[in-house]
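Visitor: I would like to go through the charged side-chain contacts of this model with you, taking each pair in turn.

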Amino acid sequence: MPHLTVEYSGNLEGRVEIGVLCDRLHAAILATGLFELGAIRVRALKADHFTIADRLPENGFVDLNFRIGHGRSADEKKRTGEALFAAAGEVLAALFATPHFALSLEIREIDPELSWKRNAIHPRLRGK
């Protein structure tokens, strides 16, 4: 269950290729070797309404919320976070040339007793 939600300020439209960002983040998750392809989800949600810091209209953000299932070591989670943050930083590098951009990432481990899933994609990708 690696699900990555990319939330971004609407003023980044036209300044960032969000689809490219999603693809790069997906590749980074897969490259860790810790997650099964059929479980990976990367989705982007645009925030049309936002107020950031000193309220300058050019202020923008990307917030990465990565939810994963239980069972990875602290080192594995840290390596994954570093890979995701680096991939995002590469795609968003131009935004850091201005003093108006913030990037954040949080990894959340889901309690297995409080998580329900049903996935018809797994059997197809597993060749069953």
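Visitor: Which residue forms a salt bridge with D48?

Guide: In this predicted model, the criterion asks for a side-chain nitrogen of Lys or Arg within 4 Å of a carboxyl oxygen of Asp or Glu. For D48 the closest N and O atoms are 3.3 Å apart, and the residue that supplies the partner side chain is K46.

Visitor: How many residues apart in sequence are the parts tied together by K77 and E109?

Guide: The side chains of K77 and E109 meet in a salt bridge, with N and O at 3.4 Å. Because K77 lies in helix α2, residues 74-91, and E109 in strand β4, residues 101-110, the pair ties together parts whose separation in sequence is 32 residues.

Visitor: Which accessibility class does K77 fall into?

Guide: Buried would require under 20% relative accessible area, and exposed over 50%. E109, at 36% relative accessibility, counts as partly exposed, and K77, with a relative accessible area of 23%, is likewise partly exposed.

Visitor: What is the N to O distance between R108 and E106?

Guide: R108 counts as partly exposed at 41% relative accessibility, and E106 counts as partly exposed at 41%. Their side chains meet in a salt bridge, and the N to O distance is 3.3 Å.

Visitor: How many salt bridges does the count come to?

Guide: The pairs discussed here include D48 with K46 and K77 with E109. By the 4 Å rule, the count of salt bridges comes to 6.

Terms used. Residues numbered from 1 in each chain as written. Predicted model: local features only at pLDDT ≥ 70, side-chain atom pairs only at ≥ 80, totals over all residues. Heavy atoms only, no water. Helix = DSSP H or I, 4+ residues; strand = E, 2+ residues; numbered from the N terminus. Buried < 20%, exposed > 50% of the residue type's maximum accessible area, 1.4 Å probe, protein only.
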